[in-house]
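Here's a quick briefing to read with the model open in your viewer.

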Amino acid sequence: GDDFTAATGINIPWQTINLNTSVPSVTVPQAYMQNPSNYYWAFTMDGLSRGQGREWAWNEDAEYSVGNGFFRKIHAGVRAVDRSLLTDVSEPGSGYNWQAVSQTWQLGWDIPTLAYLNQFPSPYMTYGFPNFYNGGVPAPSPVVFPATSITTGWPGTFATLQSYQTILCQQLNPKCNYSWTPASLYPKAGATPTGGVNTQAEHTYAGYFTLAFGTELGEVPVDGEIGARVVRTVDTADGNLVMSAFQIPTVAPSGHLLSEYVAFPGFVLPITARNNYTDVLPSLNTVFHWRKDLQSHFSVSEGMSRPTFAQLQAFTTLGASISNGVETLTGTGNGNPNLKPTKATQFDGTLEWYFEPTASLTLDFFYKHLTDVVVNQVLTVSSQDTAGNPYNFTVTGPVNGAKGEIKGLEFAYQQYYDFL
């Protein structure tokens, strides 16, 4: 899908927040907020993406009756599933081509003033939020937004907004010439690949075997099933490590020196990953028939939940930026192809009273112990600057980094009021 965003900005001179009412309220200078001359063109953000998936599945099952002894029936089956996915984004990492037009942090060293609407004319509109907070409280003030025609006119309208940054920058540095390129899934011939393509495949092969049984413990009939499932999973992922180029600014931010900053080259490195594992998942399910209208279920089993394709991407992005005069080195691990499945050892027990043909009261106790839960953690990835010196980038990405427990009691009442 495609996403096009343009934004205005405003620096509000004051605001009051009242938290002493049931619904908090905000008061702002409405006349100031409704004056387009107080707004500036803030940024543009465009992003393109596409995805294509395919799945093939096959299964066979068999059943054999043993007799009326302890073991009653044998169930067995096999499963095979092949899944594949191709995704492509125009902007690896965030998915959006965010570019400043004029921001307060650029003032003084990059641009002399903001791109105010009355000085840089482009279509805008005022919107008053008529149903703010579902009509519960009045909106603080109407706000001035870019007109819809700004986004529907992409890429030409975005190029116009971005030209304002060059105009302002040239007032401090006549050689300044910001180059804005619209998002595209298909780079020009000879251009460096953006690394936005990610392909994945998952092949799973499984077989199960269960024995149905029945007996009596004293005068209590007991039946159930015992068995196991064996699952083989093979995952492959092809993606990229993408480093965004960063150049040292021509003018240092106030209070800083150009020698504090380092430049990084832009590059795309292919990543190929393969991960496979086999899981044996036993299970036991029993039913105790205490009376005709009273029974209990007891089950114990092991289960697993595989990571999603989004979590298994072989796709990492690195970038440098300047914030408040400080160069920061960050990145995003959009996925981790080496993730393992989250596993659960689970117990479940019930007491069920069927006091009417269509009515029941049920008490259920459940417990799950989870391992290899997927969470996002901060990692470090090393990359070199244009001089060949290594630097560590702070990257956030998914890992098997947690475990936990889920336990509780559940009470249920169900009845069809067929007597009405």
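Is Tyr 413 buried, partly exposed or exposed? Tyr 413 comes out as partly exposed, at a relative accessible area of 42%. Keep in mind that this is a predicted model. Below are the aromatic pairs, the disulfide, the cavity and a couple of threonines.

**Aromatic rings**

- In total, the structure has 17 aromatic pairs.
- One of them is Phe 70 with Phe 71: the ring centres sit 4.9 Å apart and the planes meet at 80 degrees, so this pair counts as edge-to-face. The cut-off for that label is over 60 degrees.
- Both partners get a partly exposed label, with Phe 70 at 44% relative accessibility and Phe 71 at 36%.
- Phe 355 and Tyr 413 make a stacked pair, because their planes are at 5 degrees, with ring centres 6.5 Å apart. Stacked requires planes under 30 degrees apart.
- That pair ties together parts 58 residues apart in sequence, since Phe 355 belongs to strand S15 (residues 342-356) and Tyr 413 to strand S17 (residues 390-415).
- Phe 355 is partly exposed, its relative accessible area being 26%.
- There's also an aromatic cluster made up of Phe 4, Trp 154, Phe 158 and Trp 180.

**The disulfide**

- Searching the whole structure turns up 1 disulfide.
- The partners are Cys 169 and Cys 176, with 2.1 Å between their sulfur atoms.
- As a reminder, a disulfide is a covalent bond linking the sulfur atoms of two cysteines.
- Which hand does the disulfide of Cys 169 and Cys 176 have? It's right-handed, because the torsion about the S-S bond is about 110 degrees.
- Cys 169 and Cys 176 are both buried.

**The cavity**

- The volume of the largest cavity is about 50 Å³.
- Its lining consists of Gln 200, Ala 201, Asp 235, Thr 236, Ala 237, Ala 273, Phe 309, Leu 312 and Pro 337.
- Strand S9 (197-217) and strand S10 (220-243) are the elements that each supply two or more residues to this lining.
- S10 has the largest share of the lining, with 3 residues.
- By residue class, the lining of the largest cavity splits into 6 nonpolar, 2 polar and 1 charged.

- Why does Thr 204 count as buried? Its relative accessible area is 11%, and buried means under 20%.
- Leaving out residues up to four places away in sequence, Thr 204 touches Arg 79, Ala 80, Val 81, Arg 232, Thr 233 and Arg 306.
- Thr 371 is part of strand S16 (residues 359-384).
- Thr 371 has a relative accessible area of 26%, so it's labelled partly exposed.
- With that same exclusion of residues up to four places away, Thr 371 is in contact with Pro 341, Thr 342, Lys 343, Ala 402 and Lys 403.
- How far apart in space are Thr 371 and Ala 344? They're 6.6 Å apart, C-alpha to C-alpha, with 27 residues of separation in sequence.

Definitions and conventions. Residues are numbered from 1 along each chain as its sequence is written. This is a predicted model: local features need pLDDT of at least 70, side-chain atom pairs count only at pLDDT 80 or more; totals for chains, interfaces and linings use all residues. Side-chain values use heavy atoms; hydrogens and water are left out. On a 1 Å grid over the protein atoms alone, a cavity is a set of points where a 1.4 Å probe fits but cannot get out, and a pocket is an open set with protein on both sides within 12 Å along at least five of seven lines; lining residues have an atom within 4 Å of a point. Grid points are joined across faces, edges and corners, and a volume is the space filled by probe spheres set on the points. Helices (H or I, at least four residues) and strands (E, at least two) are DSSP runs, numbered from the N terminus. Ala, Val, Leu, Ile, Met, Phe, Trp, Tyr, Cys and Pro count as nonpolar, Asp, Glu, Lys and Arg as charged, and the others, Gly among them, as polar. Buried means under 20% relative accessible area, exposed over 50%, partly exposed in between (1.4 Å probe, protein chains only). Contact means heavy atoms within 4.5 Å. A disulfide is a pair of cysteine sulfur atoms within 2.5 Å. Rings of Phe, Tyr and Trp (its six-membered ring) pair if their centres lie within 6.5 Å; planes under 30 degrees apart count as stacked, over 60 as edge-to-face and the rest as tilted.
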